[in-house]
Amino acid sequence: MNLNLWLAFGVGLILGSFVNVLVHRLPRMVMASFEPSNDDTPRFDLCLPASHCPHCHTPLQIKHLLPVLSFVWLKGRCGFCKYPIGWQYPTVELLTALIWTACAWRWGLTSTALCWALFGTSLLALSLIDWQTTLLPDALTQPLLWLGLIASADQWVALPLTQAVWGAVWGYGALWSIATAFERITGKQGMGGGDFKLLAALGAWLGPFALIPLVILASFTGAIVGLSLQWRHRLPANGYVPFGPFLAAAGAFLAWENPAQFMQSLGWPAF
Ligand SMILES: [Zn+2]
């Protein structure tokens, strides 16, 4: 493996640690913003309180915060109270590192690689947050949408700006219409507003023509996972499988695969 790939891997590991912080704190920050606060409410954001063990609350030192390495060195337990650390932490760090390495491998150390690596990292964070809390925070979906439009405007990615804009518009509009119709007919809420914003962001990165294969792929994989969880009686307590992780996974797949070529390989006429 050459030096560039190792560099991307290292950056990915460090950002993976940050993804863990986002996944842990962002949903709590969103929920806290709905509650009344006063001057006595302790500060809680991405920086404070400093990283600490959730069990014994001891603040962690630098040597406890090294991505993956600390987990291996501490044998998966808190250095103070020996409480087990979740496998999610090193897994997310490694996954983020793989996303960055894959982008550097495909596009070299270019702004294109940087854009797609940020795209993949945001989708990973959004998927985990949605899976655990059924929230898709605006603090992630909105910058993802803007970055997609900017990447297209500055030609860091190949998608023309007109397509990026229409992708965002149709992404939001299509899912909003389906959800509104579903709600009118069944009286139940099928999707949350975060799903529309996520599809708008994916549309800005992949263009309007990717939206149909994207939603089909996401629905199909979501249905398979939902049914198998139901069959094994492992559905979440509210009986609801969030759609965001499947939209994100389908988006990442099509970003890598090139939607036009993918559709043609399925026999769809060229566009
Ligand atoms: Zn501890």
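A salt bridge here is a side-chain nitrogen of Lys or Arg within 4 Å of a carboxyl oxygen of Asp or Glu. This is a predicted model, in which local features need pLDDT of at least 70 and side-chain atom pairs count only at pLDDT 80 or more, while totals for chains, interfaces and linings use all residues. Residues are numbered from 1 along each chain as its sequence is written, and side-chain values use heavy atoms, with hydrogens and water left out.

Q: How many salt bridges does the rule find across the interface of domain 1 and domain 2?
A: The domain assignment, which is automatic or taken from a database, gives domain 1 as 1-109 and domain 2 as 136-271. Counting contact as heavy atoms within 4.5 Å, 7 residues of domain 1 are in contact with 4 residues of domain 2. Across this interface the number of salt bridges found is 0.

Q: What share of the area buried between domain 1 and domain 2 do carbon and sulfur atoms give?
A: Buried area is the accessible area (1.4 Å probe) that two parts lose on being put together, summed over both. Between domain 1 and domain 2 this area is about 470 Å², and the share given by carbon and sulfur atoms is 80%.

Q: Which helix gives the most to the side of domain 1 that touches domain 2?
A: Helices are DSSP runs (H or I, at least four residues), numbered from the N terminus. Helix H1 (3-32) and helix H3 (88-107) each supply at least two residues of the side of domain 1 that touches domain 2. With 4 residues, the helix that gives the most is H3.

Q: Which side chains meet in a salt bridge, at 2.9 Å from N to O?
A: The structure holds 1 salt bridge. Its partners come from distant parts of the chain, 59 residues apart, one in helix H5 (residues 138-153) and the other in helix H7 (residues 193-206). The side chains that meet are those of Asp 138 and Lys 197.

Q: Is Asp 45 buried or exposed?
A: Asp 45 is found in the loop between H1 and helix H2 (69-73), and, leaving aside residues up to four places away in sequence, Asp 45 touches Arg 25 and Met 29. Buried means under 20% relative accessible area, exposed over 50%, and partly exposed in between (1.4 Å probe, protein chains only). Because its relative accessible area is 18%, Asp 45 counts as buried.
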